Each structure stands twice: as C-alpha cells, then as structure tokens.
Amino acid sequence: VQLQASGGGLVQPGGSLRLSCAASGSIFSINTMGWYRQAPGKQRELVAVITSGGIRHYEDSVKGRFTISRDNAKNTVYLQMNTLKPEDTAVYYCNAALFHSEYGNEYAYWGQGTQVTVSS
C-alpha cells in the first residue's frame with residue numbers, strides 16, 4: 001500500500017492550500033483517514049481525521065480554518081486549509097487505517113509528507 005501526498009508549498013499568511021493524499025495497492029476498505037503535521041523541533045500532532053462514515057475531528061487550532069474530506073471511490077483524503085498562519089508551517093503527513101481483506105486486521109499506513117510553509 002502506498003499513500004501519495006501532494007499539494008504543499010509556500011503561501012503567504014492568510015492564504016489557502018489544498019492537500020491531497022491518494023491510497024493505492026491491496027486495499028479492501030479504509031476506515032479512518034487523517035492528516036498530521038510535524039514542525040521543526042516538535043512532535044507529530046494530529047490535525048484532522050475523518051471516518052469512513054464522514055465523522056470529522058479537528059485539532060483546536062485549525063477548527064474553522066481547515067476542512068477535511070474524502071472520496072471513498074478514489075481512496076483519497078483532502079485537507080482544505082484556509083486563513084493559513086505562520087504557525088501552520090510544518091511537514092504534513094497523511095495517514096490511513098485500512099483492511100487488506102474482509103476479515104483481516106486493520107493496518108495503519110503513512111504518506112511521505114508534504115511541506116507547508118506559511119511566510120511573507
């Protein structure tokens with residue numbers, strides 16, 4: 001299984017970016033998909049997650065600014081980031097908890113990370 005993330009870049013404060021992450025490979029179904037981020041010198045933290053049923057959870061600092069969504073047919077999760085702030089600067093990683101078969105165990109996979117830099 002591979003998770004391919006894209007969409008990062010350099011943006012000015014107040015700007016927007018949209019991250020995408022597509023899962024491919026031996027996938028029966030995907031449970032939760034999410035985005036995490038890691039700033040220099042800090043631990044990786046949860047940004048937002050979404051379940052297969054569409055239930056969303058956000059880290060407090062991004063509520064009202066970020067929106068997570070997914071396309072189950074494409075095994076893809078998105079993160080729309082608006083009103084970006086310098087403190088949002090980090091490497092963003094996507095994550096997927098998925099099953100390889102109907103009665104198998106759940107496994108977690110990570111994408112390669114995409115850099116988001118918010119600076120004037």
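I began with Trp 110, which is partly exposed at a relative accessible area of 40%. Here buried means under 20% relative accessible area, exposed over 50%, and partly exposed in between, with a 1.4 Å probe and protein chains only. The model is predicted, so I noted that local features need pLDDT of at least 70 and side-chain atom pairs pLDDT 80 or more, while totals for chains, interfaces and linings use all residues. Residues are numbered from 1 along each chain as its sequence is written, and side-chain values use heavy atoms, without hydrogens and water.

Next I looked up ring pairs (Phe, Tyr and the six-membered ring of Trp, centres within 6.5 Å; planes under 30 degrees apart are stacked, over 60 edge-to-face, the rest tilted). I found one aromatic pair. The ring centres of Tyr 36 and Trp 110 are 4.9 Å apart and the planes are at 65 degrees, so the pair is edge-to-face. Tyr 36 belongs to strand β4 (residues 29-38) and Trp 110 to strand β10 (residues 106-110), 74 residues apart. Strands are DSSP runs of E, at least two residues, numbered from the N terminus. Tyr 36 is partly exposed too, at 21%.

I then checked charges over rings (NZ of Lys or CZ of Arg within 6 Å of the ring centre and within 35 degrees of the ring normal). The charged end of Arg 44 sits over the Trp 110 ring, 4.7 Å from its centre.

Terms used. Helix = DSSP H or I, 4+ residues; strand = E, 2+ residues; numbered from the N terminus.
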